[in-house]
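My notes follow in the order of looking.

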Amino acid sequence: MKKKMKVEQDRAAADGPVFWIETSGSVSRQFQFESNGGLSMKVVDDSRTVVHRVVDSFLNKFFPSGYPHSVNEGYLRYTKFRALQHFSSAALSVLSTQSLLFAAGLRPTPAQATAVLKDGMQHVGKLICSNLGARMDSDPKLWRILADVLYDLGTGLEVLSPLCPQLFLEMAGLGNFAKGMAVVAARATRLPIYSSFAKEGNLSDLFAKGEAISTLFNVVGIGAGIQLASTICSSMQGKMIAGPLLSVIHVYCVIEEMRAAPVNTLNPQRTAMIVADFIKTGKISSPADLRYKEDLIFTGRLIEDGGNVKVGRDLHKVVKPSKLCKLKGVFPEEKFLLCHGEKWTDMVLEHDATGEDALRGWLVAAYAANLGKTGYEPSMTVLQEAYDKMNSVFSTFLSQLQTKGWHTDYFLDGTGSRFAW
């Protein structure tokens, strides 16, 4: 047997090396095993134009492998506005740094204006913002927008510092305080946003390529800022015109980025929207369906079709001690309490409640609101009917949610208060 295999190997070697050709689009590549066991590749036929080759090279460098099939819908729009956001931010940063140095009595050239004022106020801002991590998990889009608003506020103070040089330290300190908060908020919300686009376990690739685009356009923006600082913005009047314009572009771009991101975790607003759509149409909305319907600023708004549910208030503020045992007895096996008020229904979750528990409670509240429609506290009969209806549809509801890509194993209620018996 060994002798036969040896003869076949010798024959294969005599016939020449083993190779094959793979074609992808208009490019054909020949792969070949070398005598040392290595694999070599060369392009056999490349009919692409020069422009096409450059575009493909750019995509390989700055977009995830397998793009666009390896990411979720909206990634290109998100990336385009992210690139423009970084460009405008970097250009604005050069102008602010130049103004700071002028206010300090220096007369730097734009190329020398690259140092950023560092003092303790920036670290104070970072420490304060670091305590808000739970809120950022719940509403990463809101906090990403706030991060850029804070950054532009700090930058604006720096740009204006030459107008009041006697207050240089105060303005520079407040500017860095705002920037410190902005840096923490931007970094903390980066991962949830990238995670919403990951499709094939390629989060690291997404992150790396996203940062590559940010770096590229930061460099381009710095170059544009240096050019502006030496021409149009060499005077304070020029900065007063270019600064607000760049800031508006900056904030607009980050808002469009956040609208494009299909975040698939459950927070109060998205849960209410999912429940409302399900009750009205019997269908489950996907993260991509809801992304343009989300209110990015007023995330705590009540949604009537979703039962006007408010979650996260302290238990002692929601219910009187005399009613606590009664409420617990309504759904003794559940990990939520529902307390109907004049304007909304409060839902308080137990400490170890999951996303599924929150969904169950929200459905009960929404069904009870639809069944009641009286403005008064739902009767026990209405609550029980709503609870039975929730149980009858919940398995299908949950299955469809997970099929659509929603993460239901946890519920992100920010700093919402929870309780334990």
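I took helices (H or I, at least four residues) and strands (E, at least two) as DSSP runs, numbered from the N terminus. The model is a predicted one, in which local features need pLDDT of at least 70 and side-chain atom pairs count only at pLDDT 80 or more, while totals for chains, interfaces and linings use all residues. Residues are numbered from 1 along each chain as its sequence is written, and side-chain values use heavy atoms, with hydrogens and water left out.

Overall chain. I find 15 helices and nine strands in the protein chain. Of its 421 residues, 44% count as buried (under 20% relative accessible area; exposed is over 50%, partly exposed in between; 1.4 Å probe, protein chains only). Taking a contact as heavy atoms within 4.5 Å, I note that 71% of the contacts with a separation of 6 or more join residues 24 or more positions apart.

Cavities. I used a 1 Å grid over the protein atoms alone: a cavity is a set of points where a 1.4 Å probe fits but cannot get out, a pocket is an open set with protein on both sides within 12 Å along at least five of seven lines, and lining residues have an atom within 4 Å of a point. Points are joined across faces, edges and corners, and a volume is the space filled by probe spheres set on them. The structure holds two cavities of 30 Å³ or more.

The largest cavity has about 50 Å³ of space. Its lining includes Ser138, Asp139, Arg270 and Glu294. α6 and α10 each supply at least two lining residues, and α6 gives the most, with three. By class I note three nonpolar, four polar and five charged residues (nonpolar: Ala, Val, Leu, Ile, Met, Phe, Trp, Tyr, Cys and Pro; charged: Asp, Glu, Lys and Arg; polar: the others, Gly among them).

The second largest cavity has about 40 Å³. Leu327, Val330, Phe331, Leu338 and Leu383 line it, which gives five nonpolar, no polar and no charged residues.

Second largest pocket. I noted a volume of about 440 Å³. Of its 24 lining residues, Asp139, Pro268, Gly300, Val311 and Asp413 lie nearest the centre. α5 (133–138), α6 (140–160), α10 (268–281) and β5 (309–311) each supply at least two. The lining divides into nine nonpolar, nine polar and six charged.

Cysteines. I looked for disulfides (cysteine sulfur atoms within 2.5 Å) and found zero. Cysteine 233 is buried at 0% relative accessibility, and cysteine 339 is buried at 9%.
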